[in-house]
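The structure is shown first.

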Amino acid sequence: MNSVKKLVLLLCVVFAVSACGYHNSATEPNRVSKQFREVAIAKVENPTLERWLEPKIRSMLRDEITRRGQLVWTDKSKAEALINIRILELSDGSRILGDQDVTLKYDMTLKVQMSVTSASDGALIWNSGPMEVTESYYTGQEDEAQQLVTKLMVRRLVDRMNQAY
């Protein structure tokens with residue numbers, strides 16, 4: 001009798017998960033056409049003074065796309081499509097002030113735009129448009145906030161590239 005209850009419970013969980021729309025990201029359609037599966041990062045423009053930001057975005061983007069398993073990384077010379085990233089802004093500012101007008105909480109905002117172009121003729125395949133991520137943090141947590149906004153931005157960029165609507 002216990003095994004029947006376990007089987008019924010397992011089936012309920014399977015149906016509940018499938019009913020909520022859960023699916024593996026590797027099965028989600030990619031906005032980049034099937035003819036452009038081999039990609040490379042052509043450039044990352046970083047007008048900010050934050051020199052760590054460019055290599056961090058490159059690394060995280062490669063990891064995120066690799067984790068989803070939809071595109072294949074290759075050299076620029078062999079790529080079918082090229083990814084171009086433009087960092088528009090990384091800023092932080094006061095969010096919550098205390099009784100003495102001392103900042104208690106800060107906001108960090110990262111604005112980025114990503115495009116994918118054909119390696120053969122430079123035609124635009126996909127453009128994210130300007131995207132923005134903002135996270136709040138407390139004094140002394142700036143490094144963690146920088147890492148978090150970068151991670152969230154890369155996820156959103158890849159999510160938008162994969163949206164089928």
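A residue is termed buried when its relative accessible area is under 20%. The model discussed here is predicted. T109 has a relative accessibility of 11% and therefore counts as buried. This residue is located in strand 4, which covers residues 103-118. Its side chain forms a polar contact with the side chain of T134 at 3.0 Å. When neighbours within four places in sequence are left aside, the contacts of T109 are E89, L90, S91, E132, V133 and T134.

The largest nonpolar core comprises 33 residues. Those with the most contacts inside this core are L61, I65, I83, I85, L110, V112 and M114.

Helix 3 supplies the largest share, 8 residues. M114, again with neighbours within four places in sequence left aside, is in contact with L61, I83, N84, I85, W126, N127, S128, L157 and M161.

Helix 3 spans residues 142-162. At 1.5 Å a residue, its 21 residues should span 30 Å, and its end C-alpha atoms are 30 Å apart, so the two values agree. The buried residues of helix 3 are A145, Q146, V149, T150, L152, M153, V154, L157, V158, M161 and N162. An α-helix has 3.6 residues a turn, so residues three or four places apart point the same way.

Technical notes. Residues numbered from 1 in each chain as written. Predicted model: local features only at pLDDT ≥ 70, side-chain atom pairs only at ≥ 80, totals over all residues. Heavy atoms only, no water. Helix = DSSP H or I, 4+ residues; strand = E, 2+ residues; numbered from the N terminus. Buried < 20%, exposed > 50% of the residue type's maximum accessible area, 1.4 Å probe, protein only. Polar contact = N/O pair within 3.5 Å; in protein donor to acceptor, adjacent residues only side chain to side chain. Contact = heavy atoms within 4.5 Å. Expected span 1.5 Å × (residues − 1). Core = buried A, V, L, I, M, F, W, Y, C linked by side-chain atoms within 4.5 Å.
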